[in-house]
Amino acid sequence: LMLDIPTYLLSLNESQRDAALSDTFKPLLILAGPGSGKTSTMVARLLTLLKEGVNAKNILAMTFTTAAASEMRERVGALVGSAVSKELSISTFHSFCLQLCRLHAEKLGRSADFLVYGNGQQKRAVIEATRLALAENISDSTAMASDLNNAEHPKCEANNLIKNPNPIAWKDKARKWQQFVTHCKSAGRTPQEIENSGNLIGAAVLRHYEETLAACDALDYHDLISFSVTLLNKHHEVLEECQKSWTCLLVDEFQDTSAMQYKLLQLLAKSRLTVVGDDDQSIFSFNGANSCGFDWFRKDFLEHKEVRLHQNYRSTRCIVEAASCLIRNNLNRCQTKQPFTANAPGDRIVLRECRNEDAQCAFVVDTIYTNVSSVTTDKPAFGEIAVLYRRQITGRLFQSVFRARKIPFNVHGVAFYRKKVIKYVIALLWSSLAKCDDIYCKRAIKALYAGDKAEIKKVVEYVEKLANSMKCPFLQAARNIFTAKISGTFSRRQLCQGKKVITSIDMVQRLVKKRTVFQTRAIVDENGGKLLNEDDDPRSILQYLLDDVRGFLCNRSNTEMASTSEVELSKPDEGCISSIQAFLDYVSARESENFRSMREENKNSVTLTTMHQSKGLEWDTVFIVKANEFETPLLHETMGSVDEGSTSLEEERRLFYVAMTRARKKLLIVYVTVNPQRQVLQPSRFLKELPRHLLDVQGSIFLPESSGTCLPLEGRNSTNMNFNSDPITTLITKNPDSQSDEENVAQPMQNMSRLEGVASNNAADPWASPNME
Ligand code: ATP
Ligand code: MG
């Protein structure tokens with residue numbers, strides 16, 4: 001390898017270089033704050049390994065997102081050439097495990113093309129399992145009686161559920177049970193263990209859940225990890241093969257490693273292990289991650305070396321100082337860090353009050369336009385801006401306003417795949433797989449059958465009944481009803497409708513077998529007319545999906561992990577089926593994991609994303625919007641209390657800290673004062689934890705009267721707003737809060753968000769309602 005005075009080391013500071021060059025046979029832990037160059041140092045470490053003669057094929061780097069993976073590959077490629085960088089395995093935990101599980105599926109009791117369940121499917125399976133478990137256990141009245149006083153106990157929950165079959169309550173309980181299942185899975189607890197601890201219903205739910213997945217030839221997202229661990233534990237030859245394949249391991253964002261993922265690392269890693277992370281940025285505890293990983297690492301790898309980095313290279317001094325002030329309010333911190341930066345002080349952080357969400361959008365849009373037009377370099381100006389929010393739902397309004405105001409944007413995250421029309425197309429794709437599960441057939445019928453809700457419900461229930469009595473899959477029962485002569489209760493029109501649905505599903509199946517997935521559009525155009533009027537601009541959404549599919553299929557060969565199993569597994573004429581399979585895996589991944597959009601190529605776009613998904617990334621200008629109480633920190637029944645010192649409040653604070661530290665130069669935080677129902681909203685408590693002298697306050701947050709009540713709405717029209725000399729705000733000529741009605745394109749969307757705000761729709765909430773039924 002031709003690397004003389006290693007150029008890649010030149011840009012590093014002393015402690016970074018020390019870390020990058022330290023004995024590669026000694027496990028290394030880099031623990032440092034945001035923007036201190038952890039990821040950069042990890043890349044340098046990877047280059048050191050290459051320089052020492054390690055074959056690129058033997059290096060496995062775990063990153064947090066697929067985007068981070070391709071960025072890392074690019075950076076390494078720039079220095080050593082793409083031929084070498086292509087050989088590297090750079091992957092997320094989940095895609096690494098997905099590949100491993102597919103390769104050894106038969107050892108796990110699955111077929112090689114098993115389904116991967118995303119959140120929506122997992123939730124349905126949990127509901128099903130809960131129903132079965134309750135039916136089994138509820139008669140066990142003696143077991144019940146002893147626990148009835150314990151409101152938290154699952155048995156008591158069960159009792160309440162039976163007494164209270166209302167669907168909202170079910171939704172809530174389903175979320176709890178899903179959390180329970182997730183918890184058991186990430187902790188590696190078996191039904192037997194749960195049963196031994198006296199929780200009979202819990203054990204039954206878990207058992208039924210596992211049976212359901214086995215019967216459907218499916219794995220959920222946690223299974224991918226835990227099945228991989230089981231595989232490596234049970235099959236020594238596989239473990240040896242893996243250890244031989246990957247002799248060097250590097251893990252970024254180590255603080256978000258769950259217990260199961262850690263077990264996997266322990267199995268794979270012999271000694272050449274590098275982990276980098278920041279305990280203050282641990283924000284995935286709902287996914288089973290906890291920053292205990294650092295303690296385990298220290299205990300398990302006694303010989304390790306530990307490096308701290310203190311200098312922040314990313315952000316202005318103002319941002320670095322304000323962020324570290326905020327995080328100091330967390331009591332449970334492993335160690336205090338003393339971050340500093342040699343960067344300029346920069347502009348003060350704008351703290352902007354807006355009357356409502358429309359005014360908030362207007363402020364962001366106007367500021368973006370001013371900002372972009374003041375940029376003279378040929379840097380992709382829109383691409384250097386991000387809008388971060390706590391919940392996906394907040395991003396919706398921005399999407400429609402951005403579209404109307406012609407601001408190019410990329411949406412990261414799952415919101416797109418939650419759109420109704422997209423779900424239906426996905427349902428169709430699922431239903432086209434030979435081993436379609438009932439959930440998706442039902443969904444496809446709901447999507448394609450033209451009729452009112454009550455009629456569709458009746459049809460689905462009827463087919464369900466028949467499927468149960470015939471003990472056959474849902475699709476087969478539907479086929480029997482609509483295409484054979486078991487007509488029963490249906491009118492001629494209904495039969496005709498049903499037949500059309502079956503024909504569509506068959507057509508997709510044929511297309512999938514023969515041609516490409518792009519043809520799906522024809523089906524939607526033909527049959528899904530009713531869907532296409534329901535969503536905002538559904539045709540462009542469909543186009544987006546098709547682009548995504550196309551991009552996915554094209555990229556697949558050169559993105560992470562694609563080089564092996566998936567492609568090789570598919571025989572030539574099954575190529576398309578395997579592509580669809582892979583695409584649906586990808587969709588499931590996006591539904592449940594932290595995968596970023598494939599549309600990364602559009603660099604000159606504003607990024608709209610959740611705080612969670614912003615991790616590890618950076619932009620010149622960052623807006624944090626809807627910085628209100630009940631938003632950030634988000635109050636959520638299942639998250640426990642948000643009292644001072646509670647772990648969930650601290651996690652919310654870490655999340656806000658992650659969001660703040662994404663900004664290089666400008667940070668603008670916006671909060672709103674009333675919601676669409678005209679209820680008064682309070683600014684986030686985190687804002688009051690920021691040092692006043694670093695803020696450019698544009699609102700009444702620190703006025704005494706703002707603490708309890710809100711000024712009357714009219715009084716909010718802050719015409720004498722005090723803009724400072726910051727170029728980003730001085731150029732705003734009109735008061736962004738006074739927006740004319742015709743500009744107010746967001747109104748219809750807003751009603752939607754009002755409705756959907758009820759169902760928990762946040763990114764951090766992996767069991768958030770997919771709003772399908
Ligand atoms: P996070 O915790 O947010 O993931 P990080 O610690 O991984 O942050 P990086 O993303 O590696 O930080 O680096 C942050 C920024 O600082 C990047 O733009 C990087 O190029 C720059 N940087 C890192 N080290 C140096 C250095 N020694 N000199 C100049 N710039 C640096
Ligand atoms: Mg990083």
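**First stop: a pair of strands**

Start by selecting Ile30: its bridge partner in β8 is Val307. Those two residues belong to strands that run parallel, β1 (residues 28-32) and β8, which are joined by five bridges. A word on names: helices (H or I, at least four residues) and strands (E, at least two) are DSSP runs, numbered from the N terminus. Two strands pair if DSSP finds at least two bridges between them.

Before moving on, some ground rules. Residues are numbered from 1 along each chain as its sequence is written, while chains are lettered from A and ligands numbered from 1 in the order in which they are written. This is a predicted model, where local features need pLDDT of at least 70 and side-chain atom pairs count only at pLDDT 80 or more, while totals for chains, interfaces and linings use all residues.

**Zoom out: the whole chain**

Show everything as a cartoon. The protein has 32 helices and 15 strands. Of its 773 residues, 48% are buried. Here a residue is buried if 20 or more other C-beta atoms lie within 10 Å of its own, exposed if 12 or fewer, and partly exposed in between, with C-beta atoms placed from the backbone. Now for contacts, meaning two residues whose C-beta atoms, placed from the backbone, lie within 7 Å. Among contacts between residues at least 6 apart in sequence, 78% join residues at least 24 apart.

**The six-stranded sheet**

Six strands make an open sheet with parallel pairing, in the order β3-β2-β6-β7-β1-β8. At its edges are β3 (89-91) and β8 (305-309), each pairing on one side only. On average, neighbouring strands of this sheet are turned by 10 degrees against each other, direction ignored. For angles, axes are lines fitted to C-alpha atoms, for helices over the stretch in contact, and angles run from 0 to 180 degrees between N-to-C directions.

**Ligand 1**

Select ligand 1 next. Which residues come nearest? Of the 18 residues around ligand 1, they are Gly37, Lys38, Thr39, Ser40 and Tyr313. A residue is near a molecule or strand if its C-beta atom, placed from the backbone, lies within 6 Å of it. Helix α3 (residues 38-51) gives the largest share of this shell, three residues. By type, the shell holds four nonpolar, 10 polar and four charged residues. In that count Ala, Val, Leu, Ile, Met, Phe, Trp, Tyr, Cys and Pro are nonpolar, Asp, Glu, Lys and Arg are charged, and the others, Gly among them, are polar.

**A loop residue**

Follow the chain to Ala56, in the loop between α3 and β2 (59-62). Is Ala56 buried or partly exposed? Ala56 counts as partly exposed because it has 19 C-beta neighbours inside 10 Å. Not counting residues up to four places away in sequence, Ala56 touches Leu50, Val84, Glu87 and Leu88.

**Two cores**

A nonpolar core is a set of buried Ala, Val, Leu, Ile, Met, Phe, Trp, Tyr and Cys residues joined through C-beta atoms within 7 Å. In the largest one, of 83 residues, Leu46, Ala61, Cys101, Val205, Leu219 and Leu249 touch the most other members. Helix α12 (residues 200-215) supplies the largest share of this core, eight residues. A second, separate core has 59 residues, including Ile283, Trp619, Val658 and Ile701.

**The seven-stranded sheet**

Seven strands form another open sheet with parallel pairing, ordered β11-β12-β10-β13-β14-β9-β15. β11 (409-411) and β15 (695-698) each have a single partner strand, so one side of each is left without a neighbour in the sheet. Neighbouring strands here are turned by 20 degrees against each other on average, direction ignored.

Pick out β13 (residues 619-624), where five of the six residues are buried. Four bridges join β13 to the parallel strand β10 (residues 385-389), and Val387 has Phe623 as its bridge partner. β13 also pairs in the parallel sense with β14 (residues 663-672), over five bridges, with Leu667 as the bridge partner of Val622.

**Last stop: a covered helix**

Finish on helix α17 (residues 317-327), where nine of the 11 residues are buried, among them Cys318, Ile319 and Val320.
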